[in-house]
Amino acid sequence: MPRMAKLLLKLQAVAAVDRRHGPGPGPGRRHPLAPRHAPAATRFVPSCRALCLLALAAAATTLALALTLQNHRLGPADPSSSAAAISPRGGFAVVINTWRRPALLWRSVAHYSACGGVDAVHVVWSEPRPLPPETLRGGVLGLNGTRRGGAGVRFEINDADSLNNRFRPIRGLVADAVFSVDDDLIVPCSTLRFAFSVWQSAPSAMVGFVPRMHWLTNPRGSEEEYRYGSWWSVWWTGTYSMVLSKASFFHKKYLDMYTNQMLPSIRKYVNENRNCEDIAMAFLVANATGAPPVWVQGRIFETGSSGISSLKGHALQRSRCLNAFTAMYGHMPLVATTVKAVDSRRSWFW
């Protein structure tokens with residue numbers, strides 16, 4: 001994979017040079033090494049070269065993505081691993097994590113329950129009140145069957161308030177795929193279906209829309225200390241190692257692994273710090289597969305204005321999570337990649 005990434009960057013750089021200098025001299029300018037009236041065929045050679053290089057770059061990107069998906073299909077070498085030999089079936093369940101935002105929750109349930117491919121919608125309820133208010137519960141559950149073929153809706157009631165609740169196993173899940181999403185995030189149905197098709201090609205991977213990266217604080221230092229890279233670091237470098245569970249697909253087996261097999265010290269850390277359950281899930285999947293996640297390009301809409309990520313010191317706390325979890329695992333399991341899945345039917349550049 002590193003060789004493929006280097007080849008892609010080299011091809012794109014050469015193509016960029018051709019585009020920057022143009023296919024030939026502009027009006028009124030002479031090429032110092034060519035006759036004033038160069039043959040027509042020679043004038044098109046540089047532009048043809050650029051097009052060929054761009055085509056090779058696109059092919060290299062496609063091959064890199066195929067290799068990533070193949071790596072996930074093969075799974076870990078140990079056949080006894082619970083992440084090995086995963087075979088996806090059916091549609092998928094949407095699991096919505098909510099906290100005191102009833103209007104956003106209602107809108108989210110109404111949207112996802114009407115999307116094709118959704119088998120069921122589960123609302124993770126962890127608020128201090130033992131049950132949702134009757135008005136909210138009636139309104140949300142009233143969405144059952146409001147549209148022909150719509151998905152069923154169910155509340156998953158938790159006794160304690162914990163961010164770990166969003167990854168508790170859910171009884172009666174029929175489909176293998178789980179789409180984990182926050183109550184303030186809307187993914188259009190067509191984009192959601194495309195991401196699901198990507199996950200079907202790599203069912204052991206986390207496949208999602210919100211990429212993040214871990215970076216070495218001092219790459220030249222002897223100590224491996226990490227800092228959390230936000231969206232802007234991903235945008236600038238094109239590199240990521242996590243897709244956040246606020247909008248991502250993963251296999252339902254990871255719910256059991258998170259709750260019953262992952263180090264209890266990690267769940268305790270999440271409870272005490274009220275943060276980083278999504279990073280904990282990213283560590284879990286990366287440690288099980290030894291492979292990177294898959295970032296899906298697509299428009300998503302964040303309708304909320306507040307949350308944990310808006311709090312002061314959020315990035316610093318996330319960096320501390322990275323280092324704490326690395327120490328607990330005894331190594332850094334996250335795997336960086338530059339591969340992105342793009343629906344070529346809806347994009348001019350892919």
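Predicted model: local features only at pLDDT ≥ 70, side-chain atom pairs only at ≥ 80, totals over all residues.
Let's start with strands β1 and β4: residues 92-97 and residues 177-182 run parallel and are joined by six bridges.

Eight strands form an open sheet with mixed pairing, in the order β3-β2-β1-β4-β10-β6-β11-β13. At the edges stand β3, residues 152-157, and β13, residues 340-341; each has a single partner strand, so one side of each has no neighbour in the sheet.

Next, the helices. Helix α6, residues 189-201, lies across β1, β4, β6, β10, β11 and β13, and runs at about 35° to β10. Helix α8, residues 253-261, also packs on the sheet, where α8 touches β4 and β10, but its direction makes about 90° with that of β10.

Let's stay with α8 for a moment. Which of its residues are buried? They are Tyr254, Leu255, Met257 and Tyr258. Looking down the helix axis, you'll find these buried residues within an arc of 165°, so they line one face of α8. What do they pack against? Their partners are β4 and β10, together with helices α9, residues 264-273, and α10, residues 277-289.

Finally, the whole protein. There are 11 helices and 13 strands, and 46% of the 350 residues count as buried. Take the contacts between residues at least 6 apart in sequence: 82% of them join residues at least 24 apart. Thanks, everyone!

Definitions and conventions:
Residues numbered from 1 in each chain as written. Heavy atoms only, no water. Pairing = 2+ DSSP bridges. Helix = DSSP H or I, 4+ residues; strand = E, 2+ residues; numbered from the N terminus. Contact = heavy atoms within 4.5 Å. Axes fitted to C-alpha atoms, helices over the stretch in contact; angles between N-to-C directions. Buried < 20%, exposed > 50% of the residue type's maximum accessible area, 1.4 Å probe, protein only. Arc of directions from axis to C-beta.
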